[in-house]
Every structure is written in C-alpha cells, then in structure tokens.
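Subject: Structure handover

Hello,

Here is the structure for your files. My notes follow below it.

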Amino acid sequence: VQLQASGGGLVQAGGSLRLSCAATGSILSIADMGWYRQASGDQRDLIATITPAGTTKYGDSVKGRFTIGRDKVENTVYLQMSGLQPEDTGVYYCNTRAIPRTTYALTNFWGQGTQVTVSS
C-alpha cells in the first residue's frame with residue numbers, strides 16, 4: 001500500500017489549503033484514514049482521522065478550522081484547512097490502517113509527508 005499526499009505549500013496567515021492523499025496498491029480494505037503534523041524536531045501530532053463510517057476526530061488545535069473528508073471509492077482522504085496560522089506550519093503526513101491483499105494483515109501505513117508553511 002502506498003500513500004501519495006499532495007496540496008501542501010506556502011500560504012499567508014488566515015489563508016486556506018486543501019491536502020489530498022490517495023492510497024494505492026493491492027488493497028483488500030481500508031480502515032481509518034487521517035492526517036498528522038510534525039513540526040521541526042517534534043513528535044507527530046494528531047490533526048484529524050476519519051473512519052469508514054465517516055466518524056471524525058480532530059486535534060484540539062484545529063477544531064473548527066480544519067475539515068477531514070474521505071472518498072471510499074477512490075481510497076482518498078482530504079483535509080480542508082482554513083484560518084491557517086503560523087503554528088500550523090509543519091510536515092503533514094497521511095496515515096491509514098489497511099489490509100493489503102499480499103498479507104491479509106491490518107497494517108499501519110504512512111505517506112511521505114507534504115510541507116505546509118504559514119507566514120505571518
């Protein structure tokens with residue numbers, strides 16, 4: 001299973017960005033999908049997750065500003081980010097728990113990360 005993220009970039013404070021992440025490969029099924037953020041030298045913090053049923057969970061710092069969505073047919077997860085602030089700067093990683101057809105085991109996968117920089 002491969003995760004390909006896109007949509008990062010440089011934006012001014014108060015602006016918006018939309019991230020996308022597509023899961024590809026020989027996939028039997030996908031469970032949760034989500035986004036995590038890593039500021040320089042820090043741990044990866046939860047931004048948002050979404051279950052197959054559409055139940056969402058958000059980190060406290062982004063509640064009310066970010067919205068996660070999912071296309072189950074395309075195995076894609078989105079993150080609409082609004083009201084961006086400099087503290088939102090970091091590398092955003094796509095994450096999923098999926099069952100590959102090659103192993104039939106529920107496995108955690110990470111994308112390569114996409115940089116988001118918010119200038120003040």
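Which residue in S3 does Leu3 stand opposite? Leu3 stands opposite Ala23.

First, the ground rules. This is a predicted model, in which local features need pLDDT of at least 70 and side-chain atom pairs count only at pLDDT 80 or more, while totals for chains, interfaces and linings use all residues. Residues are numbered from 1 along each chain as its sequence is written, and side-chain values use heavy atoms, with hydrogens and water left out.

**Overall**

The protein chain has 0 helices and 11 strands. Here helices are DSSP runs of H or I with at least four residues, strands are runs of E with at least two, and both are numbered from the N terminus. The radius of gyration, taken over C-alpha atoms, is compared with a globule rule of 2.2 Å times the number of residues to the power 0.38. For 120 residues a compact globule would come near 14 Å, and the chain agrees at 14 Å. The C-alpha trace spans about 45 × 25 × 20 Å along its principal axes.

Of the 120 residues, 38% count as buried. Buried means under 20% relative accessible area, exposed over 50%, and partly exposed in between (1.4 Å probe, protein chains only). Contact means heavy atoms within 4.5 Å. Among contacts with a separation of 6 or more, 54% join residues 24 or more positions apart.

**The sheet**

An open sheet of 4 strands has the order S1-S3-S8-S7, with antiparallel pairing. Strands S1 (2–6) and S7 (66–71) are at the edges; each has a single partner strand, so one side of each lacks a neighbour in the sheet. Neighbouring strands are turned by 15° against each other on average, direction ignored. Those axes are lines fitted to C-alpha atoms, and angles run from 0 to 180 degrees between N-to-C directions.

S1 and S3 (residues 17–24) run antiparallel and are joined by 5 bridges. Two strands pair if DSSP finds at least two bridges between them. Side chains alternate along S1: Leu3 and Ala5 point to one face and are buried.

**Gly111**

Gly111 lies in the loop between S10 (107–110) and S11 (114–119). Its relative accessibility is 11%, so Gly111 counts as buried. Leaving aside residues up to four places away in sequence, Gly111 touches Leu3, Tyr93 and Cys94. Gly111 and Tyr58 are 53 residues apart in sequence and 19 Å apart in space, C-alpha to C-alpha.

Best wishes
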